[in-house]
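Dear colleague,

Please find below the structure that I promised to pass on to you.

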Amino acid sequence: MGGSDNPPSAEAWRASATTMDFKSRRTCALGTKGMVACSQSLATAAGLEILRKGGSAADAAVAVTACLNVCEPTSTGIGGDAFCLYFDAATKKVSAVRGGGRSPAALTLDLVRSRGHEGLEITPSTDALCVVVPGAPAAWEDVVARFGSGKLTLADVLAPAIELAESGPPIAPVTAQLWRAQEELLRASGATCMLDARGCAPRAGERKPNPELASTFRRLATHGAKKGFYSGPVAEAIVEAVRSRGGVLSLEDLATHATTFPEPIATTFRDAVTVWELPPPNHGVAALLAMNAFEAFTRSSPPTDEGSNAHAAVEAMRVAFADAMEHCGDPDHADARALDFENDRTVPALVSKAYAEARAAGCGFSADGPPLPGPEPGHPGHLLRPSPDTVYFCVVDAAGNACSFINSNYDGFGTGIAPRGCGFTLQNRGHNFILKEGHVNCVGPLKRPYHTIIPGLATRTDTGDLYCAFGVMGGFMQPQGHLQVLSNMVDFGMDPQAALDHPRWCLKGVGSERGAGSVLDAVLGVEAASDGGDDEPRKWALANALASRGHKVERVEGVLGRTLFGRGQIIARDEHGVLWGGSDPRGDGCALGL
């Protein structure tokens, strides 16, 4: 090719991986005896290996998340949080696992203010005060214990990740670019375990072993989470790393951590499916409220074109974020309980059809635009930050059990702080606290912050059978992605892969350019159609339709640009028991079935 008899080199492939724009033409993966969909193909393979050994969807999911810590540490790891929804095919029951850690006992608003943080959040997000207790290791252990097949131990489940960490997986193209973007943070924080011998991030196709992480996984497998992570050498290394940088995390904070198992929250969508989400402090409430408001906006005059549909969905999402960011906080904390009851903003009320109907009737929505006025100044909606970070994946096993799982460091490598000899970085989830006394999500001791990561799951409303496990990762993009891909499937009949391939929009704030005193940004990132080619009107049809209704539109394309819209995974089960899997073309992964 090109006058040369030599095949393309690895350098040529790396250059192509850096500049290419994805134009997915995949069809769905199909299977009947199990399926895995995730953002790294090697992790997908590990999950299938566990299924073949007789593991359940839960066993395979923990194997996948551990492997993603090796292959995609830019977005996830044992130093972060993990959550899941689990569907039991025999009972048709949906269970929730909350693996989110609390803030240190010494973290108070007064302390944060004394450190010079004067705005609405701790800045920068890499400040050691943003480190909360990592919930992932306990959640991994508890998911296997509660929902595993009983045939495999935690050590069996972690074995593929340990092997990958020792041998060094080749790093995939999108991940390599995201890793490169965090290179300076890793150097500045001394996280040498995440850099190569040159002090650089790995390039696409280069292998990156992590023997320190393999050792941490072995300790967890041998001693369990309580002794292998939350006390002993790993816990001591975590506390030393945080406190040496001005943080206040203690050994007692780690030792008292435990996974919780709240009841999931749900609503119906188009009466066809029941959508399940995690309750606060995770913002599943935003996804459900948006779906209800979207239904209310479109009930009397269903959209006849994509632009009308997107406009109604965008406005529904703005309403949902405005409410969620005011009323979503740690339900186990006293100020959250008091605020909910005082203002009649309990979770059941917020996700009810009646509440959405009232909001829709009173907000002034018009199908032809313009956008709704924004909330009052001082509303935390301007802190809404979509991002390309977090990993979401799903697994369905031969029995039809489904595990919808999400794991995250929050911002990329989180704080970038790496406990000595452990092979992972610590999350910065405390950045999501609000520095506003009396706010439901105000920073405080032993408190879980507003949490952006949410797995999704849908069952058939008439039978209770599994419809799909689904999710779209990426900070505040997540409920937006849930609404869009589910509407694609239910409203437009798209299969899982087509629903993920479709161009998406991303709300970057809940405000509006209109209205006196409305100061919040309401820019919409809108994606170029991958099949638009050089036909500009076709390429930007969605962007043009939203702009014509008064939205301030930012057109987005390119590999890294497209990560703004999240990277989703879906596994659906049809009425014949066949599994249909899709994996987002904006990421590195795939769906594979058995």
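**Helix 10 and its surroundings**

The buried residues of helix 10 (residues 233-243) pack against helix 9 (211-228) and helix 11 (251-255). These buried residues are Val234, Ala235, Ala237, Ile238, Val239, Ala241 and Val242, where buried means under 20% relative accessible area, exposed means over 50%, and partly exposed lies in between (1.4 Å probe, protein chains only). Helices (H or I, at least four residues) and strands (E, at least two) are DSSP runs numbered from the N terminus, and a contact means heavy atoms within 4.5 Å.

Before you go further, please note that this is a predicted model, in which local features need pLDDT of at least 70 and side-chain atom pairs count only at pLDDT 80 or more, while totals for chains, interfaces and linings use all residues. Residues are numbered from 1 along each chain as its sequence is written, and side-chain values use heavy atoms, with hydrogens and water left out.

**The protein as a whole**

The protein has 21 helices and 16 strands, and 63% of its 594 residues count as buried. Among the contacts with a separation of 6 or more, 74% are between residues 24 or more positions apart. The accessible surface comes to about 20,700 Å², and 53% of that surface belongs to carbon and sulfur atoms; such areas come from the Shrake-Rupley method with a 1.4 Å probe, and for residues only the protein chains shown count as cover.

**Two nonpolar cores**

A nonpolar core is here a set of buried Ala, Val, Leu, Ile, Met, Phe, Trp, Tyr and Cys residues joined through side-chain atoms within 4.5 Å. The largest one has 67 residues, and those with the most contacts inside it are Trp140, Phe217, Ile238, Phe405 and Phe424. Helix 3 (residues 57-71) gives the most to this core, with 12 residues. A second, separate core has 61 residues, including Phe269, Ala293, Tyr355 and Cys363.

Trp140 itself, once its neighbours within four places in sequence are left aside, is in contact with Val62, Thr65, Ala66, Asn69, Ile78, Ala82, Leu158, Phe217, Leu220, Phe405 and Asn407.

Seven strands form an open sheet in the order 1-15-14-10-9-6-5, with antiparallel pairing; two strands pair if DSSP finds at least two bridges between them. The edge strands, strand 1 (29-31) and strand 5 (265-269), each pair on one side only. Neighbouring strands of the sheet are turned by 20° against each other on average, direction ignored, with axes taken as lines fitted to C-alpha atoms, for helices over the stretch in contact, and angles running from 0 to 180 degrees between N-to-C directions.

Strand 14 (residues 568-573) and strand 15 (residues 579-583) run antiparallel and are joined by five bridges, and Gln569 has Ser583 in strand 15 as its bridge partner. Helix 12 (residues 284-298) packs on the sheet, where it touches strand 5 and strand 6 (273-277), and its direction makes about 20° with that of strand 5. Helix 17 (residues 478-492) also packs on the sheet, touching strand 5, strand 6, strand 9 (456-460), strand 10 (466-472) and strand 14, and its direction makes about 140° with that of strand 10.

Ser583 is buried, with a relative accessible area of 1%, and its side chain reaches the backbone nitrogen of Cys590 at 3.2 Å, which is a polar contact (a pair of N or O atoms within 3.5 Å; within protein, one must be able to donate a hydrogen and the other to accept it, and residues adjacent in sequence count only if both atoms are side-chain atoms).

Strand 11 (residues 505-507) pairs with strand 12 in the antiparallel sense over three bridges, whereas strand 12 and strand 13 (residues 553-556) run parallel and are joined by four bridges. In strand 12 (residues 524-527), Leu524 and Val526 point one way and Gly525 and Glu527 the other way, and all are buried.

Phe565, found in the loop between helix 21 (559-562) and strand 14, counts as buried because its relative accessibility is 0%. Not counting residues up to four places away in sequence, Phe565 touches residues including Trp505, Gly525, Val526, Glu527 and Val556.

With best regards
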